[in-house]
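Hi,

Here's the structure I said I'd pass on.

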Amino acid sequence: MTHDFRQAALDYHAKPTPGKISVELSKPAETQLDLSLAYSPGVAEPCREIADNADDAYRYTGKGNLVAVISNGTAVLGLGNLGALASKPVMEGKALLFKRFAGINSVDIEVDTEDAGEFIDTVARIADTFGGINLEDIKAPECFEIESTLIERCNIPVFHDDQHGTAIVTAAGMINALEIQGKRLEDAVITCLGAGAAAIACMRLLVSLGARRENIYMLDRRGVIYAGREGVNAYKREFANRTDKRSLSDAMKGADVFVGLSGANLLSAEMLKSMAERPVVFACSNPDPEIKPELAQATRDDVIIATGRSDYPNQVNNVLGFPFIFRGALDVRASAINEDMKIAAVRALCELAKEPVSAEVLKACGLDSLTFGADYIIPKPMDSRLLTRIAPAVAQAAVASGVARRELPANYSPSL
């Protein structure tokens, strides 16, 4: 990061008003009557209605369009355990994205504890304030327990975006990349470097979409996770493979797909050369990928590569998913974001990438043309059609799978 960019980032957050979000009024408050309706004595009427019927909170308050972005700061971006308060700029940024891309009001909450039980109790006690909860930047393996327990205890969607947002966007890009390469997910041999929250969620979702567990080789810092290896937690053990492969070099030989959610420059040119014909590489470590696209393309002219960076084609960016997934969930008052809803989001992303790209998107990206292919496997974040394609698909899946508490509104087409 250059000094100029660093200073620009600090100035952006500090000036002219500190932070990235604020509160706006949705009702008039100019007259004595306005104040009487907004607060005492008028506010007593919706209070009574909600006391009689909790669902009326959606009718008389902003609950139905309000998401909490919650973290304890134990895994902030690629920076590690910075603590709860230092995670606040990231959580405000997430709130900004909810509002910008899906019109969802969002507030950030930083919980100052590393104890999973304390975190769960804190969030569970405030959950009914919101229509949904987006968990963020919580380290593994605690994040798995936190999310699963909160899903059980809360009556609103609880979604750990580091897991499922990453998985949804990765899966969509993966399916499209394999199609372009003339391959199928069901047949692909996948090597996954990384065994944290995002990696495990990605592999789980790929299995739900048809990947074969026996074709997945997952590696952590100690190498391949194989059946019988000692010191493997329950979450990693889910992907323990019966194999004599032990190193990344071993696991790369003949692989169709590489997924990197680990660290910079860990995939060598020699390893890439050992992959199967027409390989797919998702090098998603940020800011520096597992292999630089320039090196990958110089090594293999038949490779499709995606990264987490915006300055290369095929950016795996969670903003392609979470705002629109929550929009669809909120609009049918879903009690959860389940596997059917995640798969619906994947399918919608896959299909949108195959449609003609609008002039609006080309202008925002500074490009003259963009068509489905090796350098365009997933939509761009500035594509306004994401809202009108993903949210309805997710909402319909919520209704069909039985977690929606209201039917899809007639002629449903969300807008900002």
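The second largest pocket is lined by 26 residues, and Val23, Glu24, Leu25, Ser26 and Gly62 are the ones nearest its centre. Bear in mind that this is a predicted model. The volume of that pocket comes out at about 1100 Å³. Sorted by class, its lining has 15 nonpolar, 6 polar and 5 charged residues. Helix 2 (32-38), helix 3 (44-52), helix 5 (88-102) and strand 2 (105-110) each put at least two residues into that lining.

Strand 2 also turns up in the sheet. There, 4 strands make an open sheet with parallel pairing, in the order 2-1-3-4. Strand 2 and strand 4 (158-160) are the edges, each pairing on one side only. On average, neighbouring strands are turned by 25 degrees against each other, ignoring direction. Further in, strand 1 (66-71) and strand 3 (132-135) pair in the parallel sense over 4 bridges, with Val67 opposite Gly132 in strand 3. Helix 8 (161-180) lies across strand 3 and strand 4, at about 75 degrees to strand 4.

Then there's a helix pair to look at. Helix 6 (116-126) packs with helix 7 (142-153) at an angle of about 35 degrees, the axes being 10 Å apart, and the crossing is right-handed. On the helix 6 side, the residues in contact are Ala116, Phe119, Ile120, Asp121, Val123 and Ala124, and they meet Glu145, Ile146, Thr149, Leu150 and Arg153 of helix 7. By class that contact has 7 nonpolar, 1 polar and 3 charged residues.

Cheers

Methods
Residues numbered from 1 in each chain as written. Predicted model: local features only at pLDDT ≥ 70, side-chain atom pairs only at ≥ 80, totals over all residues. Heavy atoms only, no water. Axes fitted to C-alpha atoms, helices over the stretch in contact; angles between N-to-C directions. Left-handed = near helix turned anticlockwise from the far one by under 90°. Contact = heavy atoms within 4.5 Å. Nonpolar A, V, L, I, M, F, W, Y, C, P; charged D, E, K, R; others polar. 1 Å grid on protein atoms, 1.4 Å probe; cavity = no way out; pocket = protein on both sides within 12 Å on 5 of 7 lines; lining within 4 Å. Points joined across faces, edges and corners; volume = space filled by probe spheres on them. Pairing = 2+ DSSP bridges.
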